[in-house]
Amino acid sequence: MFQGVYTAVITPFRQGKIDYDSYFKILENQIRSGVAGVVPCGTTGESPTLSYEEHKELIQKTVQVVAGKIQVIAGTGSNSTKEAIELTESACADGVDGILSVNPYYNKPTQEGMYRHFTEIANVSSKPVMLYNIPGRTNVNLLPETVARLAAHPKIAAIKEATGDLGQMAKVIAATPANFDLLSGDDNLTLPVLSIGGKGVVSVVSNLFPRACVDMVSLYLRGDLEASKKIYYKLLPVFINAFIETNPIPIKAAMSWFGYCENELRLPMTALSEGSPADAFKKTVFQLKEEGIV
């Protein structure tokens, strides 16, 4: 159901408001580049700083602009089950193709708490649910045994795995049905995840280099590992440097360098710090652009 590159799309801002002109251009570029889908209102989209009204509007407008050309997997997660349900129902009503639901953060639920949280969301969702396991942000790890329980639900179809633990991901794949999809939540692990049976990536770097990321994954899935690896190793410095500071700080800076948007974030996120790491990142992305890796 979910295979290929899904871009965790940034949310451009201008003078404190969502810059829809820039956002629509970014979406059009994603469509032209052949990504499988976009994920609005995720971590990369600065969802914690979006108001409830902005969250709903951004998803609505994404669905309208995409117009069925690619999938829209809307971020509707929350640490409140009630709020996650409300956001999920709203996104489903707006015509998304799926929803992405993150581990409840801050309140540190047990495995049973997470199982019940995601089950309640899936019970009201009319669209497939992609779980999102990112312990580094949420301080709780959705364990393979719990994922296996959740995968039995007819609406829970996939997981975005961002533990960085290939062993855990392999356990998830082994414990879940063949039609349950696992996607990498880390760009730098895309090929390793594909090698153990993953189906793709929910990518940050594909904001900037969507065609290259699509080619890398498509070539791998077609069996051309060598050609896929060639792109992977070209992009690897970007995969690493895109996280020299907390996501989405570096990727939004890079998008502004390429003219896609203003380098404006909402507090508590701040612009990329000046200095040698940022300079090296900038040099790398412009070198790849000159080489045609777009």
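User: Which residues is T44 in contact with, leaving aside its neighbours within four places in sequence?

Analyst: Contact means heavy atoms within 4.5 Å. On that basis T44 is in contact with A8, V9, I10, T11, V204, N207, N247, P248 and I251. The model is predicted: local features need pLDDT of at least 70 and side-chain atom pairs count only at pLDDT 80 or more, whereas totals for chains, interfaces and linings use all residues. Residues are numbered from 1 along each chain as its sequence is written, and side-chain values use heavy atoms, with hydrogens and water left out.

User: Where does T44 lie, and is T44 buried or exposed?

Analyst: Helices (H or I, at least four residues) and strands (E, at least two) are DSSP runs numbered from the N terminus. T44 lies in the loop between β4 (37-38) and α2 (52-66). Buried means under 20% relative accessible area, exposed over 50%, and partly exposed in between (1.4 Å probe, protein chains only). With a relative accessible area of 3%, T44 is buried.

User: With which side chain does the side chain of T44 make a polar contact?

Analyst: A polar contact is a pair of N or O atoms within 3.5 Å; within protein, one must be able to donate a hydrogen and the other to accept it, and residues adjacent in sequence count only if both atoms are side-chain atoms. The partner here is the side chain of N247, at 3.0 Å.

User: How many aromatic pairs does a search of the whole structure find?

Analyst: A pair of aromatic rings is described by the distance of the centres and the angle of the planes. Rings of Phe, Tyr and Trp (its six-membered ring) pair if their centres lie within 6.5 Å; planes under 30 degrees apart count as stacked, over 60 as edge-to-face and the rest as tilted. The search finds 9 pairs. One of them joins Y20 and Y23: the ring centres are 6.4 Å apart and the planes stand at 75 degrees, so this pair is edge-to-face. Y20 and Y23 are 3 residues apart in helix α1 (residues 20-33), which means a separation of about one helical turn. Y20 is buried at 14% relative accessibility, and Y23 is buried at 0%.

The rings of F209 and F258 are also edge-to-face, because their centres are 6.0 Å apart and their planes at 80 degrees. F209 lies in the loop between β10 (200-203) and α9 (210-221), and F258 in the loop between α11 (249-257) and α12 (276-290), so the pair ties together parts 49 residues apart in sequence.

User: Which charged ends sit over the rings of Y20 and F258?

Analyst: A charge sits over a ring if NZ of Lys or CZ of Arg is within 6 Å of the ring centre and within 35 degrees of the ring normal. The charged end of K61 is over Y20, 5.2 Å from the ring centre, and that of K289 is over F258 at 4.4 Å.

User: How many bridges join strand β1 to β10?

Analyst: Two strands pair if DSSP finds at least two bridges between them. Strand β1 (residues 4-7) runs parallel to β10, joined by 4 bridges, and Y6 has V202 as its bridge partner there. Strand β1 also runs parallel to β4, with 2 bridges; Y6 stands opposite G37 in β4.

User: How many disulfides are counted?

Analyst: A disulfide is a pair of cysteine sulfur atoms within 2.5 Å. The count is 0. For C41, the nearest cysteine sulfur is that of C92, 13 Å away.
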